Amino acid sequence: MEKEFYTISVYVDDDENMIGIPCGESAKYGIADIDKVVLLKAPYSDTQIENFVEEVISYCYTKKHNDDSPLSTIEKYTKKKGFVNATADLTLISIVKTKESYSLMPTFNDYEKGPLVIDDDEHILINPYKKGELAEVIKGFIQVYVKANMFYKEIQELEEEKKAKGSKENN
């Protein structure tokens, strides 16, 4: 049966590998990630990116979310406890497919709250999209958000080093 929408989470690591997690029905949350993970290792072509996204979408609603598990799918995959910890080194791209369109939303990683959606940078593609179009948006997000996140992490590390040095000098 055709659903109103399909939503997937695509996590991208610093090496640009992609971890795709589809959604399913949940008595507790309505819709939530299911225990299914699809990987796409870098380097990859535009066609591979688009096939990967469509493959992850094809798994949506194939099973129900595990409401009994206290761990999210990404926590199980990364083996890190807590959603914020599990996603700390990843950039999330949320993708929602409807009959009319694909909505792609990047996130910025907040070190206390985890991924925060950046509404201003939402990209909407008409369904069906032109070949290469979806991959172009995702690659653009990777350049801006994955590469930028590395930069922000370096700044944060430098700030922590300065504070540590400052507190040693004051003692």
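Start by selecting Asn-17 and showing its side chain, which reaches the backbone nitrogen of Ala-42 at 2.8 Å. That counts as a polar contact, meaning a pair of N or O atoms within 3.5 Å; within protein, one must be able to donate a hydrogen and the other to accept it, and residues adjacent in sequence count only if both atoms are side-chain atoms.

Before moving on, a word on what you're looking at. This is a predicted model, where local features need pLDDT of at least 70, side-chain atom pairs count only at pLDDT 80 or more, and totals for chains, interfaces and linings use all residues. Residues are numbered from 1 along each chain as its sequence is written, and side-chain values use heavy atoms, with hydrogens and water left out.

Stay on Asn-17, which sits in the loop between strand 1 (5-12) and strand 2 (18-26). Helices (H or I, at least four residues) and strands (E, at least two) are DSSP runs, numbered from the N terminus. Is Asn-17 buried or exposed? Asn-17 is buried, at 14% relative accessibility; buried means under 20% relative accessible area, exposed over 50%, partly exposed in between (1.4 Å probe, protein chains only). Leaving out residues up to four places away in sequence, Asn-17 touches Tyr-11, Val-12, Leu-40, Lys-41 and Ala-42, where contact means heavy atoms within 4.5 Å.

Tyr-61 is buried, with a relative accessible area of 19%.

Next, the prolines. Select Ala-42 and Pro-43: the peptide bond from one to the other is cis, with omega near 0 degrees. Pro-43 belongs to the loop between strand 4 (38-40) and helix 1 (46-58). Then pick Asn-127 and Pro-128, also joined by a cis peptide bond, with omega about 5 degrees. Pro-128 is in the loop between strand 8 (123-126) and helix 4 (133-170). Why stop at these spots? Because most residues other than glycine have a negative phi, and most peptide bonds are trans.

Go on to Thr-87, in helix 3 (residues 83-87). Thr-87 is buried, with a relative accessible area of 0%, and its side chain reaches the backbone oxygen of Phe-83 at 2.8 Å. Beyond its neighbours within four places in sequence, Thr-87 is in contact with Tyr-11, Ile-74, Asn-109, Gly-114 and Pro-115.

For contrast, select Lys-113, in the loop between strand 6 (101-110) and strand 7 (114-117). Lys-113 is exposed, at 60% relative accessibility.

Finally, zoom out. The protein has four helices and eight strands, in the order β-β-β-β-α-α-α-β-β-β-β-α. Its C-alpha atoms fill a box of roughly 65 × 40 × 30 Å, taken along the principal axes.
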